[in-house]
Amino acid sequence: MSRLYEYDEDSVLVGIVPQNCANCGGRVDRVRMGLQAVISSSGDFIGIQSVATTPCCNGQRNANYPVENLAQLLDHLQHCSNH
């Protein structure tokens, strides 16, 4: 992640290399990254994955950012008064 624009308890808005949105074709230079539970078809919890949401159309896709790093960042931002 190159630039952190804003954050809340569930996600961070970060700058990315400008590219076309895979869903609508709009040009995006930032995405909202968050964590999402992965549930099997039987309803069993499997784990978590990083999810990137584009601001142009709210399209979602799995992100390559490691979930452990994103979880640590969210935890740090939630408890650190310097940010």
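These legends go with several close-up views of one predicted model. Residues are numbered from 1 along each chain as its sequence is written. Being a predicted model, local features need pLDDT of at least 70 and side-chain atom pairs count only at pLDDT 80 or more, while totals for chains, interfaces and linings use all residues; side-chain values use heavy atoms, with hydrogens and water left out.

View 1. The 5 strands line up in the order 1-2-3-4-5, with antiparallel pairing. Here strands (E, at least two residues) and helices (H or I, at least four) are DSSP runs, numbered from the N terminus, and two strands pair if DSSP finds at least two bridges between them. Strand 1 (3-7) and strand 5 stand at the edges with a single partner strand each, so one side of each has no neighbour in the sheet. On average, neighbouring strands are turned by 40 degrees against each other, direction ignored.

**View 2. Helix 1 packs on the sheet.** Helix 1 (residues 67-79) touches strand 1, strand 2 (11-20), strand 3 and strand 4, where contact means heavy atoms within 4.5 Å. The helix direction makes about 100 degrees with that of strand 3. For these angles, axes are lines fitted to C-alpha atoms, for helices over the stretch in contact, and the values run from 0 to 180 degrees between N-to-C directions.

View 3. Strand 3 (residues 27-39) and strand 4 (residues 45-53) run antiparallel and are joined by 8 bridges. Look for L35, whose bridge partner in strand 4 is S50, and for Q36, which stands opposite Q49. There are 5 residues between the two strands, and G43 in the turn has a positive phi of about 90 degrees.

**View 4. Strand 4 and strand 5 form a hairpin, too.** This time 3 bridges do the joining, and strand 5 covers residues 60-62. T53 has Q60 as its bridge partner. The turn holds N58, with a positive phi of about 60 degrees, and 6 residues sit between the strands.

**View 5. Four residues make a nonpolar surface patch.** L35, I39, F45 and I48 make up this patch of about 380 Å². Strand 3 and strand 4 each give two or more residues to the patch. Patch residues have over 30% relative accessible area and no salt bridge, and nonpolar side chains (Val, Leu, Ile, Met, Phe, Trp, Tyr) are joined within 5 Å. Accessible areas come from the Shrake-Rupley method with a 1.4 Å probe, and a salt bridge is a side-chain nitrogen of Lys or Arg within 4 Å of a carboxyl oxygen of Asp or Glu.

Technical notes: Patches are made of residues with over 30% relative accessible area and no salt bridge: like charges are joined within 9 Å, nonpolar side chains (Val, Leu, Ile, Met, Phe, Trp, Tyr) within 5 Å.
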